[in-house]
Amino acid sequence: MISSYSSSDPTTQIFQGTKNQIILENPAMDSPQTRKAGLNLPTGMSETSLRLESFSGSFRAISNLSSPSKSSTCSDRFIPCRSSSRLHTFGLNDKASPVKEGGNEAYARLLKSELFGSDFGSFSPAGGGGGVPSPLSPSKNMLRFKTDHSAPNSPYSPSILRNDSGFSNESLTPPKPPRKVPKTPHKVLDAPSLQDDFYLNLVDWSSQNVLAVGLGTCVYLWSASNSKVTKLCDLGPNDGVCSVQWTKEGSYLSIGTNLGRVQVWDGTQCKRVRTMGGHQTRTGVLAWNSRILASGSRDRNILQHDLRVSNDCISKLVGHKSEVCGLKWSNDDRELASGGNDNQLLVWNQHSQQPALRLTEHTAAVKAIAWSPHQSGLLVSGGGTADRCIRFWNTTNGHQLNSIDTGSQVCNLAWSKNVNEIVSTHGYSQNQIMVWKYPSMGKVATLTGHSMRVLYLAMSPDGQTIVTGAGDETLRFWNVFPSVKTHTPVKDTGLWSLGRTQIR
């Protein structure tokens, strides 16, 4: 705020500031000596007539000249500090006054910036200084307070040379609200005899919308389109189901058994196509690419099978020192990631039977593995109870990109193909399901409902629904991801009616 008062004695002036004060009392006429000294003093006042006194952090210059006989009324003027005034937050009238012929608007803006500061350059009042409106540009709202949307020294502040300098009357776009994920499953299936074993993989969802579940010695198929349940096979009293995995086309289902065998079944005709051996003990994990089936076993080996040849296996990959419990092919089928109970994550390629990468940062068993469908060479893995971390890897150079401590055992990981998000399921001690946004790893949702470790995870073919299984012998269906087309939240009601039914 600037205010001025007239004085009865025009030769008497007082200037006051917040940090320094200079008081000139009874100045006389100017003299050539003072002008030579470089001081701007009134006529008749010499340098020797000034003395400097300090008080309360301020300075006072007092003239020793004699005072006139008559009393005079003094005036003051407050000069604020422009750097702390934030004058640009006031919507001063920015209608430009008529520019003389040959005038340079850019030069004028630069001049204002130099005089009033870079933050004031684009918001100075029109028609001259002092805040007095120009007669040619009247305004009733000369001091319209505006919200300061950017920091004074922000590198993204409007440039004084741009045409969009100044505040716009358009309101800023409000931030997008976080996506809402239903907190309860929309369907629950009873799954008797679903084992509570961290090293098994007993649930998979085909591209033809059929869910395969291994229960004890049997494998059941559940059609998501009509809720029809079909018993595919029974391995008998001397064997058991340890893993199931559909081909990419969804026509054939591979089954790993407790005796180390791998069976391939036609899911449509419920007919066994082939049985392959090679493992010495249980086959707990399977992974298909376009033509090769990889199987991991408690015997620490990984076998690769090709149904087009007569041999049971075409290669053996030896690298783990304990049971292999995680296997995933990359989306281009060029790399195979394997995790084991030896806390190692290995990456294999087609050119060697030795691992191309050996990643040993995990401190517990690595079962949860997923490749990003959005970025080539991006791999995520999760560790067991002693580790609890989700780690991201660049398989091109083997560098760890990030690590997040989830607070509980990581049992499964799946990357959404619709949005760049990840879902993880957990065991000890919270038994929760978590949805993460990548790469910020902000939590989108935390889902609870299982009373035991969430050991099994599969995703629907449309990428919107996941099914989780646990040792509490239930399968729960959750809508967690949006549609790939609309990117809108999935409604809490789906194809299936609410309620609880049995899978057999």
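Q: Is Ser295 buried or exposed?
A: Ser295 is buried in this predicted model. Its relative accessible area is 0%, and buried means under 20%.

Q: Where is Ser295 found?
A: Ser295 is found in strand 17, which covers residues 292-297.

Q: Which side chains make polar contacts with the side chain of Ser295?
A: One is His279, at 2.7 Å. Another is His305, at 2.9 Å.

Q: And what does Ser295 touch, not counting residues up to four places away in sequence?
A: The list includes Val262, Thr283, Val285, Leu286 and Leu327. Asn301, Ile302, Leu303 and His305 are also among them.

Q: Which residue is the bridge partner of Ser295 in strand 18?
A: That is Leu303. Ala294, for its part, has Gln304 as its bridge partner in strand 18.

Q: How many bridges join strand 17 to strand 18?
A: There are 5 bridges, and the two strands run antiparallel. They form a hairpin with 3 residues between them. Arg300 sits in that turn and has a positive phi of about 75 degrees.

Q: What about the other partner, strand 19? How many bridges does strand 18 share with it?
A: Strand 18 pairs with strand 19 (residues 315-318) over 4 bridges, again in the antiparallel sense. Across that pairing, Ile302 stands opposite Leu317.

Q: Why is strand 18 described as largely enclosed by the rest of the structure?
A: Because 6 of the 6 residues of strand 18 (residues 301-306) are buried.

Q: Which way do the residues of strand 18 point?
A: Asn301, Leu303 and His305 point one way, while Ile302, Gln304 and Asp306 point the other way. Residues on both sides are buried.

Q: How many bridges join strand 9 to strand 10?
A: Strand 9 (residues 210-215) and strand 10 (residues 218-223) are joined by 6 bridges. Within this pair, Val213 stands opposite Tyr220.

Q: Changing topic: how many salt bridges does the count come to?
A: The count comes to 12 salt bridges. One of them joins Arg453 and Asp196, whose closest N and O atoms are 3.3 Å apart. Arg453 lies in the loop between strand 31 (442-447) and strand 32 (454-459), and Asp196 in the loop between strand 7 (187-190) and strand 8, so the pair links distant parts of the chain, 257 residues apart.

Q: Are Arg453 and Asp196 buried or partly exposed?
A: Arg453 is buried, with a relative accessible area of 11%. Asp196 is partly exposed, at 33%.

Q: Which residue meets Glu323 in a salt bridge?
A: Arg298 does, at 3.6 Å from N to O. Glu323 is in the loop between strand 19 and strand 20 (324-329), and Arg298 is in the loop between strand 17 and strand 18, 25 residues apart. Glu323 is buried at 6% relative accessible area, whereas Arg298 counts as partly exposed at 43%.

Q: Which residues are linked with those two in a network of salt bridges?
A: Asp197 and Arg282 are linked in a network with Arg298 and Glu323.

Q: One more residue. Where is Leu336 found?
A: Leu336 is found in strand 21 (residues 335-340). Leu336 is buried, with a relative accessible area of 1%. Its contacts beyond four places in sequence include Ala294, Ile302, Gln304 and Leu317.

Q: And overall, how many helices and strands does the protein have?
A: It has 2 helices and 35 strands. Buried residues make up 46% of its 504 residues.

Methods: Residues numbered from 1 in each chain as written. Predicted model: local features only at pLDDT ≥ 70, side-chain atom pairs only at ≥ 80, totals over all residues. Heavy atoms only, no water. Buried < 20%, exposed > 50% of the residue type's maximum accessible area, 1.4 Å probe, protein only. Pairing = 2+ DSSP bridges. Polar contact = N/O pair within 3.5 Å; in protein donor to acceptor, adjacent residues only side chain to side chain. Contact = heavy atoms within 4.5 Å. Salt bridge = Lys/Arg side-chain N within 4 Å of Asp/Glu carboxyl O.
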